[in-house]
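Hello,

Here is the structure I promised to pass on. Have a look at it first, and my notes follow below.

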Amino acid sequence: MFDRMPAPDPLATLIDELREPVVVDPASKRRVMELVRETPLPTVSVASGRVLPGRSRAFAAIRSLRGERNGFSRSATASSLATAAGIALLMAVGTQDSATPRMAPGRRAVVIGDSVASMASAIRDTLRIVQFILTAPAASRVALAGDFNGWDTRAIPLTRDSRDGRWAVTLALAPGRHNYAYVVDDTQWVRDPLGTPSEPNELTPPRSVLIINR
Amino acid sequence: MDLSDAAVVRRVLSGDVEAYSILVERYFDHYVRFAIHLVGNREDAEEVVQDTFLRAYKALGRYEERERFGAWLLRILVNRARTVSAIGRRREKMFPDQADDTVPEAAEAHPAERAALREEVSRALSQIGPDQREAFLLHYVEGLSYEEMAAVTGSGISALKMRVKRSCERLREILQGVNRV
């Protein structure tokens, strides 16, 4: 279950290289917005009520698979894997006693294991199992949003540990760069206190970046 | 504030045009990377991605929230990249002496190991067919499942699996050939 791909595979090296982020000139993005501002506001098309079976099924497949990949189903798998591997996590316990929704670092997002997701031509694409933890004892709800789930603020809720106010969720993510943030009580965007901050941008909420190596 | 992709789309459609830059910020760099590998050079890639965002904006009223915005955008991007790649191939046939030389001939000529690796990667990708390249990148670099790839490309799952398998075999041959030099 936890076997690694046999090193040195030239194809694995190629995939790693292809996953490296590229630096884009900000002017290129500004140009998009210039063009957008010159374009009439799009209008919402009225649903005709017609059913497009093929398309609908395909979209449904995307939804369900995305949910499984990033949500609880996958989390359950990830948890099982972590347990099976006997991985013990030492977690910093927050000691907040305030009723205000203060956030404290429990532990930054950490990679805790592997899961072999697929295989083709003897190339194993390994997902890394990552645990996200936020200490927020006064919060009623905490969710994880990121570019891996379209920044959906409800799709990946964290589970609260009532003993110490820690909220946690475990996901299987592909190697690469992932931007993410926590959403507390549906309204407050919180960067991972111990994570690496993403490049600041006035238009987006606070974000952290997690880089997962193969 | 709900800043999910779907919520941002709703803001744009309600008249907040500037909110669209949130989506540009979220996806632009990532998809430029994908487009570079797909079309083979940065200049065309950035144009393709710019055009993708503009087309997506114009079509935003037809976006359905049940689909992930990133996947919807990727579908537009793949179509635009196919068009640009096809034009490039026609141009190379008509003007072979002016063919795009963004794929260097010899990795050994570059002293920097990293630069050599990038060249090797570019050269390997350029030597497989566009359909195989597209399937390989979507599966192994973008991390899409075959069901997601089918929705993005409009191709069948069996065909996509075959393309990925063949692309892996071909790329391994190419890369091992390079390493033997």
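In this predicted model, H2(B) packs against H3(B) through two sets of residues. From H2(B) come Tyr20(B), Val24(B), Phe28(B), Tyr31(B), Val32(B), Ala35(B), Ile36(B) and Val39(B). They meet Arg42(B), Asp44(B), Ala45(B), Glu46(B), Val48(B), Val49(B), Phe53(B) and Tyr57(B) of H3(B). By class, that contact has 13 nonpolar residues, three charged and no polar.

As for the geometry, the axes of H2(B) and H3(B) come within 8 Å and cross at roughly 140°. Angles over 145 degrees would count as roughly antiparallel, and H2(B) and H3(B) are therefore oblique to each other. The crossing of H2(B) past H3(B) is right-handed.

Stepping back to the whole chain, chain B has eight helices and zero strands. Of its 181 residues, 47% are buried. If you take the contacts in chain B between residues at least 6 apart in sequence, 59% of them join residues at least 24 apart.

And how many residues of chain B are in contact with chain A? There are 57, and they touch 47 residues of chain A. Helices H1 through H8 of chain B each supply at least two residues to that side, with H2(B) giving the largest share, 12 residues. The side of chain B that touches chain A is made up of 28 nonpolar, 18 charged and 11 polar residues.

Best wishes

Conventions:
Residues are numbered from 1 along each chain as its sequence is written. Chains are lettered from A and ligands numbered from 1 in the order in which they are written. This is a predicted model: local features need pLDDT of at least 70, side-chain atom pairs count only at pLDDT 80 or more; totals for chains, interfaces and linings use all residues. Two residues are in contact if their C-beta atoms, placed from the backbone, lie within 7 Å. Helices (H or I, at least four residues) and strands (E, at least two) are DSSP runs, numbered from the N terminus. Ala, Val, Leu, Ile, Met, Phe, Trp, Tyr, Cys and Pro count as nonpolar, Asp, Glu, Lys and Arg as charged, and the others, Gly among them, as polar. A residue is buried if 20 or more other C-beta atoms lie within 10 Å of its own, exposed if 12 or fewer, and partly exposed in between; C-beta atoms are placed from the backbone. Axes are lines fitted to C-alpha atoms, for helices over the stretch in contact, and angles run from 0 to 180 degrees between N-to-C directions. Angles under 35 degrees count as roughly parallel, over 145 as roughly antiparallel, 65 to 115 as roughly perpendicular and the rest as oblique. A crossing is left-handed if the near helix is turned anticlockwise from the far one by less than a right angle, and right-handed if clockwise.
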